[in-house]
Amino acid sequence: MDISVLGTGAVGRAVAGRLDDLGHHVTMATRDPEATSGREDHAGWAAAHPGVRLVAFADAGADADLVVNALGGDVAEGVLAEVGEGLAGRVLLDISNPLDHSQGFPPRLFVKDDDSLAERIQRAHAEARVVKALNTMNSAVMVDPARLGEETTVFVSGDDQHAKATVVGLLRELGHTDVIDLGGLETARGAEMFLPLWVRTALALGGSDFNIKVVRGPSLLDA
Ligand SMILES: NC(=O)c1ccc[n+]([C@@H]2O[C@H](COP(=O)([O-])OP(=O)(O)OC[C@H]3O[C@@H](n4cnc5c(N)ncnc54)[C@H](OP(=O)(O)O)[C@@H]3O)[C@@H](O)[C@H]2O)c1
């Protein structure tokens, strides 16, 4: 697939790098490609992934089958507005979380309960096909769930069945074997509202190398 990854942070690098390794044609987008190329953290990553082209946000998405939102939640809506037309018709895999760090720790959610960041993005880009997934685990686990040594769970939410099937296929390529389809995009609210518990769990464990595992009782073994 032609995949455009928006974001050069831990998530952007992990996802773009793994998809490149899997043989997808990947571009990565950033504010200022020249400045990002000169960044020490990016240079090492780029040397290992010479086939991944770095473009400006405004030039992202155009030829992509799938766009990945790996942007800070607080800046995602602004950046996606910049990408604009590049999102029309695309599957948009939204990994971002609506975290507001402005009041210190723990971060607050700037949208919750009766709305979600995923739904706000979908409303702003009616032509995009938004699917929420992978936001409930750290970037290393996203792209290599087997590192945890046992099967864990990833959730998907989205209104477009074909888009969701595309994302589920990609999740399986990344190694995710327990994928729970929560339903329409509205269900992304729950996945995003898991973050306060995720943050506290990471603090309690002293690290983020963990994931949720949904264990089915006997009456749910086929679910
Ligand atoms: N880190 C994790 O393990 C993890 C796990 C689950 C979910 N998430 C979610 O995934 C998303 C990405 O997380 P991350 O840790 O990789 O990245 P991040 O550091 O939160 O964001 C990186 C991206 O945001 C862009 N950005 C930052 N400030 C900006 C601004 N003022 N205007 C425009 N763009 C701006 C950066 O652009 P430049 O490229 O130009 O620098 C960069 O591409 C977040 O929403 C996070 O909550 C993260």
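Q: Where does the ligand sit?
A: The model is predicted: local features need pLDDT of at least 70 and side-chain atom pairs pLDDT 80 or more, while totals for chains, interfaces and linings use all residues. Residues are numbered from 1 along each chain as its sequence is written, and side-chain values use heavy atoms, leaving out hydrogens and water. A pocket is an open set of points on a 1 Å grid over the protein atoms alone, where a 1.4 Å probe fits, with protein on both sides within 12 Å along at least five of seven lines. With sitting taken as more than half of its atoms within 2 Å of the grid points, the ligand sits in the largest pocket.

Q: Which elements give two or more residues to the shell around the ligand?
A: Elements are DSSP runs numbered from the N terminus, helices (H or I) of at least four residues and strands (E) of at least two. Helix 4 gives the largest share of the shell, three residues. The elements that reach two or more are helix 1 (10–21), helix 4 (73–83) and helix 6 (139–143).

Q: Which residues come nearest to the ligand?
A: The shell has ten nonpolar, eleven polar and two charged residues, with Gly counted as polar. A residue belongs to the surroundings if one of its heavy atoms lies within 4 Å. Of the 23 residues around the ligand, those that come nearest are Thr8, Val11, Thr30, Arg31 and Leu71.

Q: How far is a backbone N or O atom of Leu71 from an oxygen atom of the ligand?
A: Polar contacts are pairs of N or O atoms within 3.5 Å. A polar side-chain atom of Thr8 lies 2.6 Å from a ligand oxygen, and a side-chain N or O atom of Arg39 lies 3.2 Å from a ligand oxygen. For the backbone atom of Leu71, the distance to a ligand oxygen is 2.7 Å.

Q: How much of the ligand's accessible area does the protein cover?
A: Accessible area comes from the Shrake-Rupley method with a 1.4 Å probe. On its own, the ligand has 890 Å² of this area, and the protein covers 71%.

Q: Which helix gives the largest share of the lining of the largest pocket?
A: This pocket has a volume of about 630 Å³ and is lined by 32 residues (an atom within 4 Å of a point), with Gly9, Ala70, Leu71, Gly72 and Gly73 nearest its centre. Two or more lining residues each come from helix 4, helix 6 and helix 9 (195–205). The largest share, five residues, comes from helix 4.

Q: What is omega for the peptide bond from Phe105 to Pro106?
A: Pro106 is found in the loop between strand 6 (99–100) and strand 7 (108–109). The bond from Phe105 to Pro106 is cis, with omega near -5°.

Q: What is the phi of Asp113?
A: Asp113 lies in the loop between strand 7 and helix 5 (117–124). Although Asp113 is not a glycine, its phi is positive, about 60°.

Technical notes
A polar contact is a pair of N or O atoms within 3.5 Å; within protein, one must be able to donate a hydrogen and the other to accept it, and residues adjacent in sequence count only if both atoms are side-chain atoms. Grid points are joined across faces, edges and corners, and a volume is the space filled by probe spheres set on the points.
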